[in-house]
Amino acid sequence: PLTFSENQMIPLDDYVNNNDINESEFLYISYRCIGLYGMMYSLMESAPQDGAGDVAKSLGDAQIQSIAIAEGLYNMLTPEKDRDFEDNLRRSVLPMADNYQKEANKSWTNSGSYFNDYIQSDANICRMMIENFNKGMGKK
């Protein structure tokens, strides 16, 4: 079974509380959120439950907002001549999304629910990141 030490992704709540969050940490958090929202979207997109389509749409919208945040941060941190956001995004986010998928599968096996406390807590941090960024707190 997958453990947090194997995927090396501590809960975002712990990450936020144990680090001074500057632009590079904020970029890491935004990448985690992109991976999380992508995994959640793929599960909800095909879910048969009433309202799953609406949830999938809001997750897709949140992922798009997270990508916009990440791109702005990436551009702040990376000299223009060295920029390749799409490649960096792909290389960074795919392993994170894969880890979230493994965690969701493990949760499904153990509880019958894909979204365990770890995933729900990370989703809450991601929601707060987007809200704070939209309020202007993520900008200098």
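Which residues does Ser66 touch, not counting residues up to four places away in sequence? I looked this up before anything else. I found Ser30, Cys33, Ile34, Tyr37, Met129 and Ile130. Contact here means heavy atoms within 4.5 Å.

**Ground rules**

I noted that this is a predicted model, where local features need pLDDT of at least 70 and side-chain atom pairs count only at pLDDT 80 or more, while totals for chains, interfaces and linings use all residues. Residues are numbered from 1 along each chain as its sequence is written, and side-chain values use heavy atoms, with hydrogens and water left out.

**Whole chain**

I went through the secondary structure next. The chain has six helices and zero strands. Along the sequence I read the pattern α-α-α-α-α-α. Its radius of gyration is 15 Å, close to the 14 Å from the globule rule for 140 residues, so the chain is as compact as a globular protein of that length. That radius is taken over C-alpha atoms, and the rule is 2.2 Å times the number of residues to the power 0.38. Helices are DSSP runs (H or I, at least four residues), strands are runs of E (at least two), and both are numbered from the N terminus.

Along the principal axes, the C-alpha atoms fill roughly 45 × 35 × 25 Å.

How much of the chain is made up of buried residues? I noted 40% of the 140 residues. Buried means under 20% relative accessible area, exposed means over 50%, and partly exposed is in between (1.4 Å probe, protein chains only).

I turned to contacts along the chain. Taking those between residues at least 6 apart in sequence, 68% join residues at least 24 apart.

In soluble globular proteins, nonpolar side chains tend to be buried together. I looked for such a group here. The largest nonpolar core holds 38 residues, and Tyr31, Leu36, Met39, Met40, Tyr100 and Ile119 touch the most other members. Helices H2 (12-17), H3 (23-45), H4 (52-77), H5 (85-111) and H6 (117-134) each give two or more residues to this core. H3 gives the most, with twelve residues. A nonpolar core is a set of buried Ala, Val, Leu, Ile, Met, Phe, Trp, Tyr and Cys residues joined through side-chain atoms within 4.5 Å.

Leaving aside neighbours within four places in sequence, Met39 contacts Ala97, Tyr100, Gln101, Ala104, Phe115 and Ile119.

**Back to Ser66, and on to others**

Ser66 is in helix H4. At 0% relative accessibility, Ser66 is buried.

Ala70 is in helix H4. Is Ala70 buried or exposed? I found Ala70 buried, at 0% relative accessibility. Beyond neighbours within four places, Ala70 contacts Leu27, Ser30, Tyr31, Ile34 and Phe85.

Cys33 sits in helix H3. Its relative accessible area is 0%, so Cys33 is buried. Not counting residues up to four places away, Cys33 touches Leu12, Ser66, Cys126 and Met129. From Cys33 to Gln8, 25 residues apart along the chain, I read 15 Å between C-alpha atoms.

Tyr118 lies in helix H6. I noted Tyr118 as buried, with a relative accessible area of 6%.

Asp98 is in helix H5. At 38% relative accessibility, Asp98 counts as partly exposed. Asp98 and Lys81 are 17 residues apart in sequence and 30 Å apart in space, C-alpha to C-alpha.
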